Amino acid sequence: MHNDLESILIAKEAIAAKVAELGQQISADYEGEELLAICVLKGAIIFTADLLRQLTVDVSLDSISISSYGHSTRSSGVVRFLKDLDESVEGRHLLVIEDIIDTGLTLKYLTENLWSRKPKSLKICTLLDKPSRRQVDLKPDYVGFNIPDRFVVGYGLDYAERYRQLPDVGILRPEVYGE
Ligand code: IMP
């Protein structure tokens with residue numbers, strides 16, 4: 001285990017099993033349809049890469065980047081587009097793939113923006129959810145794990161751009177981010 005972690009919250013084997021389960025569920029729900037998966041950069045990169053390989057339906061991939069916390073561990077509520085989608089989403093089935101939902105502010109803003117572009121449907125798939133922290137009405141359609149209100153890193157999730165490469169999801173020691 002990395003020295004900056006307090007403990008492992010979700011081990012890589014459990015993540016892999018859950019990703020396979022989500023892949024089956026999503027493939028069944030979209031059978032016969034074409035899907036546009038939207039990876040929310042950068043945290044969802046690793047989850048998206050693994051999830052896509054579990055899908056049996058036709059899927060295209062696009063990505064979007066919006067600002068979240070900068071170097072802090074709390075949401076500012078200020079959301080900025082850093083990179084927009086490459087493709088038009090009008091009339092398409094969208095699956096927004098996110099690493100974690102905390103307050104929900106980021107995804108609320110993003111999904112409202114995507115709905116204004118007239119997709120046929122829009123669902124949200126998140127690996128992790130902290131439902132106790134929610135500040136807006138936002139319910140993901142597919143959730144890997146509900147987790148407590150602790151700051152986690154690994155499997156794509158970062159603190160100040162570090163720890164994304166760790167294979168497990170772990171709880172970061174609070175002294176690392178100065179609390
Ligand atoms: P929200 O707008 O508060 O829902 O924030 C969502 C974004 O905050 C996620 O996409 C992550 O980038 C980041 N975030 C929230 N909680 C954590 C965490 O525990 N570890 C790492 N990033 C987090």
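Reply: A polar contact is a pair of N or O atoms within 3.5 Å; within protein, one must be able to donate a hydrogen and the other to accept it. This is a predicted model.

Me: Which residue's backbone oxygen lies 2.6 Å from a polar atom of the side chain of T48?
Reply: T48 sits in helix α2. Its side chain has a polar atom 2.6 Å from a backbone oxygen. That oxygen belongs to A44.

Me: Is T48 buried or exposed?
Reply: The cut-off for buried is under 20% relative accessible area. T48 has 3%. T48 is therefore buried.

Me: Which residues does T48 touch, not counting residues up to four places away in sequence?
Reply: Contact means heavy atoms within 4.5 Å. With residues up to four places away in sequence left out, T48 touches C39, L61 and I97.

Me: At about what angle does helix α2 run to β5?
Reply: Helix α2 spans residues 45-52. It lies across β2, β3, β5 and β6. Its angle to β5 is about 135°.

Me: What is the order of the strands in the open sheet?
Reply: The sheet has 6 strands, and their pairing is mixed. β4 and β7 stand at the edges with a single partner strand each, so one side of each is left without a neighbour in the sheet. The twist averages 30° from one strand to the next. The order reads β4-β3-β2-β5-β6-β7.

Me: Which residue is the bridge partner of I38 in β5?
Reply: Strand β2 covers residues 34-41, and strand β5 covers residues 93-101. They pair in the parallel sense over 5 bridges. The partner of I38 in β5 is V96.

Me: Which element gives the most residues to the shell around the ligand?
Reply: There are 18 residues around the ligand. Those that come nearest are T103, G104, T106, K130 and V152. The top contributor to the shell gives 4 residues, and that element is β5.

Me: Which residue has a polar backbone atom 2.6 Å from a nitrogen atom of the ligand?
Reply: Two side chains can be set aside here. D99 has a side-chain N or O atom 3.1 Å from a ligand oxygen. For K130, the side-chain distance to a ligand oxygen is 2.9 Å. The backbone atom 2.6 Å from a ligand nitrogen belongs to V152.

Me: How much of the ligand's exposed area does the protein bury?
Reply: Start with the ligand taken alone. It then exposes 490 Å². Of that area, the protein buries 94%.

Me: Which residue stands opposite L5 in β9?
Reply: Strand β1 covers residues 5-10, and strand β9 covers residues 169-172. They run antiparallel and are joined by 4 bridges. Opposite L5 stands L172.

Me: Which residue in β9 stands opposite V153?
Reply: Strand β8 covers residues 152-153. It pairs with β9 in the antiparallel sense over 2 bridges. Opposite V153 stands G170.

Me: What distance separates the C-alpha atoms of A20 and D50?
Reply: A20 lies in helix α1, residues 12-29. Its relative accessibility is 25%, which counts as partly exposed. A20 and D50 are 30 residues apart along the chain. Their C-alpha atoms are separated by 8.6 Å.

Methods
Residues are numbered from 1 along each chain as its sequence is written. This is a predicted model: local features need pLDDT of at least 70, side-chain atom pairs count only at pLDDT 80 or more; totals for chains, interfaces and linings use all residues. Side-chain values use heavy atoms; hydrogens and water are left out. Two strands pair if DSSP finds at least two bridges between them. Axes are lines fitted to C-alpha atoms, for helices over the stretch in contact, and angles run from 0 to 180 degrees between N-to-C directions. Buried means under 20% relative accessible area, exposed over 50%, partly exposed in between (1.4 Å probe, protein chains only). A residue is near a molecule or strand if one of its heavy atoms lies within 4 Å of it. Accessible areas come from the Shrake-Rupley method with a 1.4 Å probe; for residues, only the protein chains shown count as cover.
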